[in-house]
Amino acid sequence: MGRTPLSETDSAFGSGGGVKPAPVITGVQSPEPAACASVPSADELLAREQKIRVMSLDDVSRAIESCEVCRDLCRNRKHPVPGQGITNPRLMIIGEAPGEMEDLKGLPFVGRSGELLDNMLVAIGLSRTDSVFVANTIKCRPPANRNPRPEEVSACKPYLQRQIELLEPQVILVVGLFASQTLLGSTEGVQALRQRDHFLEIGQRKIPVVVTFHPAYLLRRPEDKFMAWQDLKQVWSLLREPRTN
Ligand code: SF4
């Protein structure tokens with residue numbers, strides 16, 4: 001019999017260890033940083049967006065690997081980070097932008113943050129290898145972890161939108177301030193947005209969205225993990241409902 005999710009001991013998901021990084025299922029690491037072409041015109045951006053709207057998941061990953069739209073990000077990145085996980089996942093996790101480790105490896109949520117995220121998933125009976133897809137709002141690391149600029153967010157948005165459309169997750173868990181505000185079009189903080197009902201309308205579908213803290217924040221403030229645990233229980237409860245999207 002499998003592990004029962006949501007036991008009392010599961011709430012100690014910050015204890016660390018035990019969960020190995022998942023293999024890459026979609027997304028390929030690019031061997032060389034892109035050359036970074038000149039800034040595209042508005043017409044070129046529109047044509048690019050229309051192309052992305054009909055891409056397959058693998059095409060989206062390939063397009064991200066060679067994307068040169070944001071010059072500053074393109075010039076400074078080691079690897080773009082398209083995302084990682086299974087197709088048709090029960091849960092899609094959306095973070096903000098790759099950090100140093102993610103940029104080096106071309107994978108989302110690695111290092112201590114990734115380990116904590118994996119432990120959080122185990123606590124609700126999920127794992128990156130069989131039920132989850134993880135992606136970022138921005139696919140390339142902003143230099144020195146600066147905030148992404150509005151034009152970069154807008155340029156990268158079609159990739160995330162197409163990924164969500166194709167993956168059709170049952171539930172989305174959005175982690176951290178920047179990703180929550182971007183995805184929900186809000187200016188409120190994580191504390192104000194969490195434990196509320198949110199939906200993302202993609203085509204004809206309404207996908208429930210749960211907001212929580214970024215694992216990197218929880219590593220700095222372990223005393224707030226109990227709130228992340230409440231949010232994970234919200235995810236678990238939504239996953240038990242019949243799929244409506
Ligand atoms: S952040 Fe997104 S839009 Fe900008 S260069 Fe990277 S993949 Fe392209």
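## Around the ligand

In this predicted model, helix 6 gives the most residues to the shell around the ligand, three of them. The shell holds 13 residues, and those that come nearest are Cys67, Cys70, Lys139, Cys140 and Cys156. Two elements, helix 3 (71–76) and helix 6 (150–167), each supply two or more of the shell's residues.

What classes of residue make up the shell around the ligand? Eleven are nonpolar and two are charged, with no polar residues.

## Helix 2 against helix 6

Helix 6 also has a packing partner: helix 2 (residues 57–65) lies with its axis 10 Å from that of helix 6, at an angle of about 160 degrees. Angles over 145 degrees count as roughly antiparallel, so that is how helix 2 and helix 6 are arranged relative to each other. Their crossing is left-handed.

If you want to find this contact in the structure, look for Leu57, Val60 and Ile64 on the helix 2 side, which meet Tyr159, Arg162, Gln163 and Leu166 on the helix 6 side. Five of these contact residues are nonpolar, one is polar and one is charged.

Six of them form an open sheet with mixed pairing, in the order 1-3-2-4-6-5. Strand 1 (84–85) and strand 5 (198–202) are the edge strands, each pairing on one side only.

Strand 1 runs antiparallel to strand 3 (residues 132–136), and two bridges join them. Here Gln84 stands opposite Val134 of strand 3. Helix 7 (residues 177–184) packs on the sheet, where it touches strand 2 (91–95), strand 4 (171–175), strand 5 and strand 6 (205–212). The direction of helix 7 makes about 130 degrees with that of strand 4.

Conventions:
Residues numbered from 1 in each chain as written. Predicted model: local features only at pLDDT ≥ 70, side-chain atom pairs only at ≥ 80, totals over all residues. Near = placed C-beta within 6 Å. Helix = DSSP H or I, 4+ residues; strand = E, 2+ residues; numbered from the N terminus. Nonpolar A, V, L, I, M, F, W, Y, C, P; charged D, E, K, R; others polar. Axes fitted to C-alpha atoms, helices over the stretch in contact; angles between N-to-C directions. Parallel < 35°, antiparallel > 145°, perpendicular 65-115°, else oblique. Left-handed = near helix turned anticlockwise from the far one by under 90°. Contact = placed C-beta atoms within 7 Å. Pairing = 2+ DSSP bridges.
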